Amino acid sequence: MTPKWLSRVLRPKVPALSKTYDYVIVGAGSAGCLLANRLSKDPKNKVLLVEAGSHDKHFWVHVPVGYLYTMGDQQTSWGYHTEPQPGMSGRSIAYPRGRLLGGCSSINGMIYQRGQERDYNRWELEHKNPGWNWSAVSKYFNNMLDYDIPDGNPDYKRGGEWHVEPPRVRWEVLDSFIEGAKEIGIPEIKDFNHSDRPAVGYFQVNQRKGVRLSSYRAFIHPILHRPNLNLLTDHLTKRVEISQTEKKVTGLDLLPTDGGEAFRVHATKEIILSAGAIGSPQILMLSGVGDPRALTHIGIEPKLDLPGVGQNLHDHLQIRTAFRLHRPGILTLNQLANSPWGQLKMGLQYLTTQTGPLSMAPSQVGMFAKSNEEEPTPNIQYHVQPLSLDSFGKPLHEFPGMTLSVCNLRPTSRGSVTLTSNDPKDKPKIDPNYLSTEYDRRVASESIRHARKLAGTNAVKALQPEEIVPGSSIQTDEDLAKSAGGISASIFHPVGTCRMGPKDDKKNVVDNTLTVHGLQGLRVVDASIMPSIVSGRYRIIQIYMYTYTYIYDIYNKMYLHIKMYVYICACIFCYIYT
């Protein structure tokens, strides 16, 4: 862990802190960094970006495989754990959330995906959010893109901040999986982002020449020289100050993490919460926005009755099926990681070329498929790894192994985030309520059967796989669903806790412009606003799309105000001179 004195030295150099800004953004993560970049592009906007964590100059933040270390490091992650989950054999599982510049984009899996067209159309049609359909929002995806894929999609933009490139390592075992998928009728594809059909292939990643690219490195680090942008690290948000008579946000109370005194900053235009699906509802509840009875119970004065705050939590749960490979001579990460010479080889390869196993995302190959033919589009996603282990965080096995992890893309289980006290330093209670519906348990058992089907193809059978997790003796649907709870883990895609939708539904928290219902000057711009999760890895591109939608709403309102001003001036002119 970096000493406190060194952390102070490493903090980005920023202008002196003021007490008043046009916009104050809470959370220097995926959405907050792009938002601060675009808003501060106008030199008339004075912007403050607040981050609870510290700098990103931790060595393993930038090495792609470093997620293995940063997700569990208190210096880079909040260290959350879920409540014990009845659907997961009573286990409490780790729930990493980034606590540093770049947020979760500094510790995540780096996979570039957009989700399915159907997901966005549901937001408009089923959840009644005008303007949130695929044709309306897809135009924003390209705005920040630097698509560096040889022979890739020619419609994708080059030259933006957000760099996308192919993986810099390949494995024979992964190529065998792709061939096995093709045997069961799933086509190989180069780009998952322009099709809702079943497909298999290597993932594209958010790296630049083999180095992790976080939202901070892409959008904030290059513009720290802007005099109208302040970046404040190592400060918790204590509460948003709300005027009950005007139902308007008046300020933001900040608390230094080094033990200093709390102080207040003001925003003349808006305060934007971009603290994520755990942090944003926590801040709202600490500010008195939420279920009045629950808030009163822990000593918080209710300011606004919005019982949907913190509800509707859902996430992608990954079920790990693991196989020991008996084919002589087959190489996986297991052998390299457990050998001093293998470790040396990997280190030298990365240091000299930024390629090889240390440049790996958590999964290099993916596949989208249907767990049953009743599904309209693929409802399960594979993350395939050239390694095996007993559980996440445990050592890799000594023998060659492969893991076929499968997640339900559209879970129906819903949980919550609630406060344990009125102290912002206390961690909230996170209860995803995994595998609590019959549909999710059925898809879990179907997923294990589907993975076994892949392992039985000629291409994969050539590797001589032996199922070690959950074990071939488990066969009935009931036993498979039960075993899934014991071998699964989150892939860290929590959404929905500040749900977007019309005000007449009390479960909704923000409207389709991401403004908090019943409050002036406060918006939420992050994954918490998702009414339902997208079918894929949402972490970067979807949140950036929210940011663009938010910014366009701001400038559309400015345009209307200017238009009205011109109209009034014209009327006055006509009245005087006619």
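The following dialogue looks at how a few terms apply to this predicted model.

Visitor: What are the ground rules?
Guide: This is a predicted model, where local features need pLDDT of at least 70, side-chain atom pairs count only at pLDDT 80 or more, and totals for chains, interfaces and linings use all residues. Residues are numbered from 1 along each chain as its sequence is written, and side-chain values use heavy atoms, with hydrogens and water left out.

Visitor: Why is Cys33 called buried?
Guide: Buried means under 20% relative accessible area, exposed means over 50%, and partly exposed is in between (1.4 Å probe, protein chains only). Cys33 has 0% relative accessibility, so Cys33 counts as buried. Cys498 also has a relative accessible area of 0%, so Cys498 is buried.

Visitor: What makes a nonpolar core?
Guide: A set of buried Ala, Val, Leu, Ile, Met, Phe, Trp, Tyr and Cys residues, joined through side-chain atoms within 4.5 Å. The largest one here has 79 residues. Those with the most contacts inside it are Val24, Ile220, Ile271, Leu273 and Leu284. Helix α2 (residues 30-39) gives the most to this core: six residues. Helices (H or I, at least four residues) and strands (E, at least two) are DSSP runs, numbered from the N terminus. A second, separate core has 41 residues, including Val63, Val169, Met402 and Leu454.

Visitor: Which residues does Val24 touch, not counting residues up to four places away in sequence?
Guide: Among them are Leu48, Val50, Leu252, Glu270 and Ile271. Contact means heavy atoms within 4.5 Å.

Visitor: What makes the pair Arg239 and Asp253 a salt bridge?
Guide: The term needs a side-chain nitrogen of Lys or Arg within 4 Å of a carboxyl oxygen of Asp or Glu. The N to O distance for Arg239 and Asp253 is 3.1 Å, and their side chains meet in a salt bridge. Arg239 lies in strand β9 (residues 235-243) and Asp253 in strand β10 (residues 248-256), so the pair ties together parts that are 14 residues apart in sequence. Arg239 has a relative accessible area of 29%, so Arg239 is partly exposed. Asp253 is at 6%, so Asp253 counts as buried. Arg239, Glu241, Asp253 and Arg264 are linked in a network of salt bridges.

Visitor: How many salt bridges does a search of the whole structure find?
Guide: The search finds 22. One of the pairs is Glu270 with Arg523, whose closest N and O atoms are 3.0 Å apart. Glu270 lies in strand β11 (residues 263-273) and Arg523 in strand β23 (residues 522-524), so this pair ties together parts that are 253 residues apart in sequence. Glu270 is at 13% relative accessibility, so Glu270 counts as buried. Arg523 is at 1%, so Arg523 is buried as well.

Visitor: Where do Glu446 and Arg442 lie?
Guide: Both are in helix α13 (residues 438-455), four residues apart, about one turn of the helix. Glu446 has a relative accessible area of 16%, so Glu446 is buried. Arg442 is at 31%, so Arg442 counts as partly exposed.

Visitor: Why does Thr377 count as buried?
Guide: Its relative accessibility is 10%, so Thr377 counts as buried. Thr377 lies in the loop between β16 (365-369) and β17 (380-385).
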